[in-house]
Amino acid sequence: PVLARPRGSVPEIVRNGVTGFHCETVDDFVAALGRIDVIDRAACRADFEDRFTADVMAAQYERIFEGILTPIPATPLLPLDAAPPDPEPERSPAGSG
């Protein structure tokens with residue numbers, strides 16, 4: 001279990017009440033120490049295994065890099081002097097003509 005101030009990445013990493021406690025003051029830290037037994041150490045370890053092992057993190061980085069490196073299909077640009085495309089013609093309601 002982790003006791004930490006909820007700054008920077010702490011709120012993303014430490015799940016308050018699950019893998020540790022977010023504490024603002026010295027009194028918060030002292031109180032959290034008194035409640036540390038409510039944190040399930042097995043659940044804490046399972047959370048680490050699910051989110052922070054080298055294999056998990058490498059797979060997450062690979063997914064991010066693949067997304068960055070995947071080319072986005074280019075949209076053809078019209079020449080600056082080209083007329084805009086005609087809008088779709090309005091259709092008459094069925095049976096009106």
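Five salt bridges turn up in a search of the whole structure. A salt bridge here is a side-chain nitrogen of Lys or Arg within 4 Å of a carboxyl oxygen of Asp or Glu. The structure is a predicted model: local features need pLDDT of at least 70, side-chain atom pairs count only at pLDDT 80 or more, and totals for chains, interfaces and linings use all residues. Residues are numbered from 1 along each chain as its sequence is written, and side-chain values use heavy atoms, with hydrogens and water left out.

Start with the layout. The chain has four helices and two strands. From the N terminus, the order is β-α-β-α-α-α. Helices (H or I, at least four residues) and strands (E, at least two) are DSSP runs, numbered from the N terminus.

E24 and R5 meet through their side chains, at 3.6 Å from N to O. This pair links distant parts of the chain: E24 sits in the loop between β2 (20-22) and α2 (26-34), and R5 in the loop between β1 (2-4) and α1 (10-13), 19 residues apart. E24 has a relative accessible area of 38%, so it is partly exposed. R5 is partly exposed too, at 40%. The cut-offs are these: buried means under 20% relative accessible area, exposed over 50%, and partly exposed in between (1.4 Å probe, protein chains only). R7 joins in as well: R5, R7 and E24 are linked in a network of salt bridges.

Next, look at D47. Its side chain forms a salt bridge with that of R15, at 2.6 Å from N to O. D47 lies in helix α3 (residues 41-51) and R15 in the loop between α1 and β2, so the pair ties together parts that are 32 residues apart in sequence. D47 is buried because its relative accessible area is 8%. R15 has 37% relative accessibility, so it counts as partly exposed.

D47 and R51 are four residues apart in helix α3, so about one helical turn separates them. Both residues of this pair, D47 and R51, are buried.

Helix α3 has two sides. C44, D47 and R51 are buried in α3. They cover an arc of only 60° around the axis, which puts them on the same side of α3. The arc is that of the directions from the helix axis to the C-beta atoms. On the other side of α3, R41, A42 and D50 are exposed. The cover over the buried residues of α3 includes α1 and α4. At the start of α3, a side-chain oxygen of D40 reaches to within 2.8 Å of the backbone nitrogen of A42.

M57, Y61, I64, F65, I68 and L69 make a nonpolar surface patch of about 640 Å². Patches are made of residues with over 30% relative accessible area and no salt bridge; like charges are joined within 9 Å, nonpolar side chains (Val, Leu, Ile, Met, Phe, Trp, Tyr) within 5 Å. Y61 is in helix α4 (residues 54-69). Y61 counts as partly exposed because its relative accessibility is 46%.

Finally, the chain as a whole. Its accessible surface comes to about 8300 Å², and 60% of this belongs to carbon and sulfur atoms. Accessible areas come from the Shrake-Rupley method with a 1.4 Å probe. Of the 97 residues in the chain, 13% are buried.

Technical notes. Contact means heavy atoms within 4.5 Å. A polar contact is a pair of N or O atoms within 3.5 Å; within protein, one must be able to donate a hydrogen and the other to accept it, and residues adjacent in sequence count only if both atoms are side-chain atoms.
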